[in-house]
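The points are meant to be read with the model open.

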Amino acid sequence: MSAIREEGAEAEPIRVLFTLHHNMNALDFVGPLEVLSSALTNVKDEDDKAFDCEFVGPGDNVMASSGTSFRSHTTYKDAYKSLKDYDVLVVAGGDFDEILKNKSEPLGLIRAFADLQEHNSSKERTILSVDTGSLFLASQGILQGLSATTRPDQYIKLEILAQESAQKELETRTEVLEGERYVVNQGRFDLGEDLENNPYVFKKNPGRKGSSQNVRKGSEARKMSNARRESIVRRSTMRLGGMRVVTAAGSTCGIDAAMYLVSALVSHESAQDVSDKMQYSWQKGVVVDSIDV
(Lines give C-alpha, C1' and ligand atoms only; values in the text may rest on other atoms or scores of the structure.)
Protein backbone atom coordinates (compact mmCIF):
# COMPACT_ATOMS: atom_id res chain seq x y z
CA MET A 1 0.00 0.00 0.00
CA SER A 2 1.34 3.42 -0.91
CA ALA A 3 1.89 5.97 1.78
CA ILE A 4 0.81 8.73 -0.62
CA ARG A 5 -2.63 10.05 0.20
CA GLU A 6 -5.31 9.51 -2.44
CA GLU A 7 -8.14 11.92 -3.10
CA GLY A 8 -11.15 10.99 -0.95
CA ALA A 9 -9.42 8.01 0.66
CA GLU A 10 -9.53 7.30 4.38
CA ALA A 11 -6.12 8.41 5.61
CA GLU A 12 -4.13 6.37 8.09
CA PRO A 13 -1.08 8.02 9.65
CA ILE A 14 2.19 7.34 7.86
CA ARG A 15 4.37 5.39 10.27
CA VAL A 16 7.82 6.86 10.82
CA LEU A 17 10.69 5.32 12.77
CA PHE A 18 13.51 7.60 13.93
CA THR A 19 16.83 5.92 14.72
CA LEU A 20 18.64 7.20 17.81
CA HIS A 21 22.20 6.53 18.92
CA HIS A 22 24.44 7.89 21.65
CA ASN A 23 26.24 11.16 20.82
CA MET A 24 24.01 11.80 17.82
CA ASN A 25 23.26 15.34 16.65
CA ALA A 26 20.10 16.46 18.43
CA LEU A 27 18.90 18.80 15.66
CA ASP A 28 19.19 15.99 13.08
CA PHE A 29 16.44 14.28 15.05
CA VAL A 30 14.40 17.15 16.48
CA GLY A 31 14.15 19.18 13.25
CA PRO A 32 12.44 16.52 11.11
CA LEU A 33 10.42 15.35 14.13
CA GLU A 34 8.93 18.81 14.62
CA VAL A 35 7.94 19.00 10.96
CA LEU A 36 6.45 15.52 10.64
CA SER A 37 4.66 15.54 13.98
CA SER A 38 3.04 18.89 13.07
CA ALA A 39 1.81 17.84 9.63
CA LEU A 40 -1.93 17.35 9.15
CA THR A 41 -3.71 15.33 6.48
CA ASN A 42 -6.57 17.85 6.67
CA VAL A 43 -5.10 21.23 7.58
CA LYS A 44 -8.46 22.30 9.00
CA ASP A 45 -8.49 19.44 11.52
CA GLU A 46 -5.81 19.68 14.22
CA ASP A 47 -6.50 16.09 15.26
CA ASP A 48 -5.90 14.65 11.79
CA LYS A 49 -2.19 13.90 12.21
CA ALA A 50 -0.50 12.76 8.99
CA PHE A 51 2.43 10.96 10.62
CA ASP A 52 2.84 8.62 13.57
CA CYS A 53 6.42 9.03 14.83
CA GLU A 54 8.30 6.51 16.98
CA PHE A 55 11.89 6.31 18.19
CA VAL A 56 14.24 3.34 18.33
CA GLY A 57 17.42 3.41 20.39
CA PRO A 58 20.02 1.16 22.03
CA GLY A 59 18.31 1.61 25.40
CA ASP A 60 15.53 3.45 27.19
CA ASN A 61 17.40 6.75 27.07
CA VAL A 62 19.80 8.10 24.48
CA MET A 63 22.18 11.00 25.17
CA ALA A 64 22.86 13.36 22.27
CA SER A 65 26.21 15.12 21.83
CA SER A 66 24.63 18.30 23.23
CA GLY A 67 23.86 16.54 26.53
CA THR A 68 20.16 16.28 25.76
CA SER A 69 18.51 12.99 26.68
CA PHE A 70 15.81 11.40 24.53
CA ARG A 71 13.59 8.48 25.49
CA SER A 72 13.21 5.59 23.06
CA HIS A 73 9.89 3.92 22.34
CA THR A 74 11.53 0.62 21.44
CA THR A 75 14.94 -1.07 21.30
CA TYR A 76 16.74 -2.09 18.14
CA LYS A 77 16.22 -5.74 18.99
CA ASP A 78 12.45 -5.30 19.11
CA ALA A 79 12.34 -2.91 16.14
CA TYR A 80 13.38 -5.63 13.72
CA LYS A 81 10.21 -7.56 14.54
CA SER A 82 7.91 -4.74 13.41
CA LEU A 83 10.15 -3.02 10.85
CA LYS A 84 7.92 -4.07 7.94
CA ASP A 85 5.10 -1.91 9.32
CA TYR A 86 6.96 1.38 8.91
CA ASP A 87 6.73 3.61 5.84
CA VAL A 88 9.63 5.97 6.59
CA LEU A 89 12.98 5.52 8.34
CA VAL A 90 14.74 8.71 9.51
CA VAL A 91 18.45 8.42 10.31
CA ALA A 92 20.20 11.10 12.35
CA GLY A 93 23.94 11.74 12.05
CA GLY A 94 26.65 12.33 14.60
CA ASP A 95 29.46 10.22 16.13
CA PHE A 96 29.79 8.46 12.79
CA ASP A 97 33.38 7.30 13.27
CA GLU A 98 32.43 5.27 16.33
CA ILE A 99 29.34 3.78 14.67
CA LEU A 100 31.24 2.80 11.53
CA LYS A 101 34.20 1.42 13.46
CA ASN A 102 32.05 -0.81 15.66
CA LYS A 103 29.49 -1.58 12.94
CA SER A 104 26.79 -0.80 15.49
CA GLU A 105 23.21 0.35 15.11
CA PRO A 106 21.60 1.91 13.22
CA LEU A 107 23.65 0.25 10.43
CA GLY A 108 21.92 -3.13 10.66
CA LEU A 109 18.45 -1.61 10.80
CA ILE A 110 19.17 0.54 7.74
CA ARG A 111 20.17 -2.51 5.72
CA ALA A 112 17.18 -4.51 6.97
CA PHE A 113 14.78 -1.71 5.98
CA ALA A 114 16.21 -1.63 2.46
CA ASP A 115 16.02 -5.41 2.21
CA LEU A 116 12.32 -5.29 3.05
CA GLN A 117 11.67 -2.99 0.11
CA GLU A 118 13.74 -5.09 -2.27
CA HIS A 119 11.73 -8.17 -1.30
CA ASN A 120 8.35 -6.41 -1.40
CA SER A 121 8.04 -3.52 -3.84
CA SER A 122 4.28 -3.20 -3.34
CA LYS A 123 4.82 -0.99 -0.29
CA GLU A 124 6.16 2.51 -0.78
CA ARG A 125 9.03 3.08 1.64
CA THR A 126 11.29 6.07 2.15
CA ILE A 127 14.59 6.44 3.97
CA LEU A 128 15.79 9.90 5.00
CA SER A 129 19.25 10.57 6.39
CA VAL A 130 20.25 13.88 7.93
CA ASP A 131 23.77 15.34 8.07
CA THR A 132 26.35 12.55 8.47
CA GLY A 133 23.57 9.97 8.57
CA SER A 134 24.27 9.59 4.84
CA LEU A 135 27.61 8.02 5.78
CA PHE A 136 25.67 5.23 7.48
CA LEU A 137 23.65 4.70 4.29
CA ALA A 138 26.80 4.67 2.16
CA SER A 139 28.47 2.08 4.36
CA GLN A 140 25.52 -0.26 3.85
CA GLY A 141 25.51 0.11 0.07
CA ILE A 142 22.22 2.01 0.06
CA LEU A 143 23.60 4.84 -2.10
CA GLN A 144 25.07 2.73 -4.91
CA GLY A 145 23.93 4.04 -8.27
CA LEU A 146 22.21 7.04 -6.65
CA SER A 147 23.02 10.69 -5.90
CA ALA A 148 23.54 11.92 -2.36
CA THR A 149 24.82 14.69 -0.16
CA THR A 150 26.00 15.35 3.38
CA ARG A 151 27.41 18.29 5.29
CA PRO A 152 30.26 20.04 3.38
CA ASP A 153 33.19 18.89 5.52
CA GLN A 154 32.26 15.23 4.92
CA TYR A 155 31.90 15.17 1.11
CA ILE A 156 35.17 13.30 0.69
CA LYS A 157 34.33 10.84 3.46
CA LEU A 158 31.00 10.13 1.76
CA GLU A 159 32.71 9.54 -1.58
CA ILE A 160 35.21 7.14 0.00
CA LEU A 161 32.55 5.13 1.82
CA ALA A 162 30.41 4.96 -1.29
CA GLN A 163 33.36 3.74 -3.37
CA GLU A 164 34.26 1.10 -0.80
CA SER A 165 30.73 -0.31 -0.82
CA ALA A 166 30.25 -0.07 -4.60
CA GLN A 167 30.77 -2.83 -7.10
CA LYS A 168 33.15 -2.29 -9.99
CA GLU A 169 30.41 -1.41 -12.47
CA LEU A 170 30.25 2.31 -13.15
CA GLU A 171 26.48 2.52 -12.77
CA THR A 172 26.73 1.52 -9.12
CA ARG A 173 28.88 4.50 -8.18
CA THR A 174 27.44 7.27 -6.02
CA GLU A 175 27.38 10.85 -7.28
CA VAL A 176 27.96 13.27 -4.40
CA LEU A 177 26.17 16.57 -5.06
CA GLU A 178 27.73 19.55 -3.35
CA GLY A 179 25.86 22.63 -2.19
CA GLU A 180 22.38 21.06 -2.19
CA ARG A 181 20.02 21.20 0.81
CA TYR A 182 18.80 17.68 0.14
CA VAL A 183 18.86 15.13 -2.67
CA VAL A 184 15.94 12.86 -3.57
CA ASN A 185 16.28 9.63 -5.54
CA GLN A 186 13.53 7.51 -7.10
CA GLY A 187 10.57 9.83 -6.95
CA ARG A 188 7.13 8.60 -7.91
CA PHE A 189 6.65 10.27 -11.30
CA ASP A 190 8.65 9.89 -14.51
CA LEU A 191 9.94 13.01 -16.22
CA GLY A 192 9.05 11.72 -19.66
CA GLU A 193 10.75 12.76 -22.87
CA ASP A 194 8.85 16.00 -23.51
CA LEU A 195 9.45 18.25 -20.50
CA GLU A 196 8.14 21.35 -22.26
CA ASN A 197 4.67 19.79 -22.54
CA ASN A 198 4.72 17.76 -19.36
CA PRO A 199 1.59 18.81 -17.40
CA TYR A 200 3.15 17.71 -14.11
CA VAL A 201 6.11 20.08 -14.15
CA PHE A 202 5.75 23.77 -13.37
CA LYS A 203 9.44 24.51 -12.75
CA LYS A 204 12.33 23.20 -14.78
CA ASN A 205 15.81 24.08 -13.57
CA PRO A 206 18.86 22.10 -14.70
CA GLY A 207 20.71 23.57 -11.72
CA ARG A 208 24.28 22.59 -11.04
CA LYS A 209 26.27 20.10 -13.01
CA GLY A 210 25.06 16.58 -12.35
CA SER A 211 21.77 17.68 -10.80
CA SER A 212 18.21 18.34 -11.93
CA GLN A 213 15.24 19.84 -10.22
CA ASN A 214 11.73 19.28 -11.49
CA VAL A 215 8.84 20.23 -9.30
CA ARG A 216 5.48 18.50 -9.62
CA LYS A 217 2.29 20.52 -9.69
CA GLY A 218 0.43 20.42 -6.41
CA SER A 219 -3.15 19.20 -6.03
CA GLU A 220 -3.82 19.53 -9.76
CA ALA A 221 -1.07 17.02 -10.57
CA ARG A 222 -2.54 14.53 -8.15
CA LYS A 223 -5.91 14.68 -9.89
CA MET A 224 -4.23 14.10 -13.25
CA SER A 225 -1.58 11.62 -12.20
CA ASN A 226 -3.33 8.25 -12.15
CA ALA A 227 -1.95 7.22 -15.54
CA ARG A 228 1.57 8.35 -14.64
CA ARG A 229 1.86 6.97 -11.14
CA GLU A 230 4.57 4.39 -11.27
CA SER A 231 3.37 0.79 -11.25
CA ILE A 232 4.48 -1.80 -8.73
CA VAL A 233 6.05 -3.74 -11.58
CA ARG A 234 8.14 -0.75 -12.62
CA ARG A 235 9.10 -0.03 -9.03
CA SER A 236 10.41 -3.56 -8.60
CA THR A 237 12.92 -2.99 -11.41
CA MET A 238 14.43 0.05 -9.71
CA ARG A 239 17.31 -0.01 -7.26
CA LEU A 240 16.33 -1.08 -3.74
CA GLY A 241 12.89 -2.06 -5.01
CA GLY A 242 12.09 1.57 -5.77
CA MET A 243 12.61 2.81 -2.22
CA ARG A 244 12.75 6.61 -2.13
CA VAL A 245 16.16 7.64 -0.78
CA VAL A 246 16.62 11.17 0.58
CA THR A 247 19.88 12.54 1.98
CA ALA A 248 19.94 15.94 3.68
CA ALA A 249 23.07 18.04 4.12
CA GLY A 250 23.76 19.88 7.42
CA SER A 251 21.45 19.63 10.43
CA THR A 252 19.05 22.42 9.42
CA CYS A 253 18.67 20.80 5.99
CA GLY A 254 16.82 17.98 7.73
CA ILE A 255 13.96 20.42 8.27
CA ASP A 256 13.82 21.17 4.53
CA ALA A 257 13.93 17.47 3.65
CA ALA A 258 11.12 16.75 6.12
CA MET A 259 9.06 19.53 4.50
CA TYR A 260 9.63 17.78 1.20
CA LEU A 261 8.40 14.49 2.65
CA VAL A 262 5.20 16.12 3.90
CA SER A 263 4.57 17.56 0.45
CA ALA A 264 5.38 14.32 -1.37
CA LEU A 265 3.56 11.92 0.95
CA VAL A 266 0.64 14.07 2.10
CA SER A 267 0.11 17.31 0.16
CA HIS A 268 1.76 20.59 -0.70
CA GLU A 269 -0.97 22.30 1.31
CA SER A 270 0.03 20.34 4.40
CA ALA A 271 3.69 21.25 3.95
CA GLN A 272 2.82 24.92 3.52
CA ASP A 273 0.69 24.77 6.66
CA VAL A 274 3.64 23.44 8.67
CA SER A 275 5.91 26.08 7.16
CA ASP A 276 3.49 28.85 8.13
CA LYS A 277 3.10 27.61 11.70
CA MET A 278 6.83 27.23 12.20
CA GLN A 279 7.51 30.53 10.39
CA TYR A 280 10.13 28.63 8.46
CA SER A 281 10.97 29.27 4.81
CA TRP A 282 11.27 25.90 3.08
CA GLN A 283 14.39 25.80 0.89
CA LYS A 284 14.00 23.27 -1.89
CA GLY A 285 16.54 20.60 -2.71
CA VAL A 286 17.10 18.43 -5.78
CA VAL A 287 14.86 15.63 -7.06
CA VAL A 288 16.99 13.51 -9.41
CA ASP A 289 15.49 12.29 -12.71
CA SER A 290 11.91 12.30 -11.47
CA ILE A 291 9.09 14.45 -10.12
CA ASP A 292 7.73 14.16 -6.60
CA VAL A 293 6.72 17.62 -5.45
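The points below go from the nonpolar cores to one helix and then to the aromatic rings.

1. The model is predicted, and the points should be read with that in mind.

2. The largest nonpolar core has 44 residues. Phe-18, Phe-29, Leu-36, Phe-51 and Tyr-260 are those with the most contacts inside this core. Two or more residues each come from the strands β1 (14-19), β2 (51-57), β6 (88-91), β10 (182-185) and β13 (244-248), and from the helices α1 (26-38), α9 (253-265) and α10 (268-278). The largest share, 10 residues, is that of α9.

3. Helix α1 has 13 residues. From its first C-alpha to its last, α1 reaches 18 Å, close to the 18 Å expected at 1.5 Å a residue. Its buried residues are Ala-26, Asp-28, Phe-29, Gly-31, Pro-32, Leu-33, Val-35, Leu-36 and Ser-38. The cover over the buried residues of α1 includes the strands β1, β2, β4 (69-71) and β6, as well as α9 and α10.

4. Which residues does Phe-29 touch, not counting residues up to four places away in sequence? They are Phe-18, Leu-20, Met-24, Phe-55, Phe-70 and Ala-92.

5. There are 5 aromatic pairs in the structure. In one of them, the ring centres of Phe-18 and Phe-29 are 5.4 Å apart and the planes stand at 80°, so the pair is edge-to-face. Because Phe-18 is in strand β1 and Phe-29 is in helix α1, this pair ties together parts that are 11 residues apart in sequence. Both Phe-18 and Phe-29 are buried.

6. Phe-29 also forms an aromatic pair with Phe-70, again edge-to-face, with 4.9 Å from centre to centre and 80° between the planes. Phe-70 lies in strand β4 and Phe-29 in helix α1, so the parts tied together here are 41 residues apart in sequence. Phe-70 is buried, as is Phe-29.

7. Phe-18, Phe-29 and Phe-70 belong to one aromatic cluster with Phe-55. Phe-55 and Phe-70 are also among the residues that Phe-29 touches.

8. Two charged side chains lie over ring faces. Arg-15 is over the face of Tyr-86, at 4.5 Å from the ring centre. Lys-284 is over the face of Trp-282, at 4.4 Å from the ring centre.

Note on methods:
Residues are numbered from 1 along each chain as its sequence is written. This is a predicted model: local features need pLDDT of at least 70, side-chain atom pairs count only at pLDDT 80 or more; totals for chains, interfaces and linings use all residues. Side-chain values use heavy atoms; hydrogens and water are left out. A nonpolar core is a set of buried Ala, Val, Leu, Ile, Met, Phe, Trp, Tyr and Cys residues joined through side-chain atoms within 4.5 Å. Buried means under 20% relative accessible area, exposed over 50%, partly exposed in between (1.4 Å probe, protein chains only). Helices (H or I, at least four residues) and strands (E, at least two) are DSSP runs, numbered from the N terminus. Contact means heavy atoms within 4.5 Å. The expected span of a helix is 1.5 Å times one less than its number of residues. Rings of Phe, Tyr and Trp (its six-membered ring) pair if their centres lie within 6.5 Å; planes under 30 degrees apart count as stacked, over 60 as edge-to-face and the rest as tilted. A charge sits over a ring if NZ of Lys or CZ of Arg is within 6 Å of the ring centre and within 35 degrees of the ring normal.
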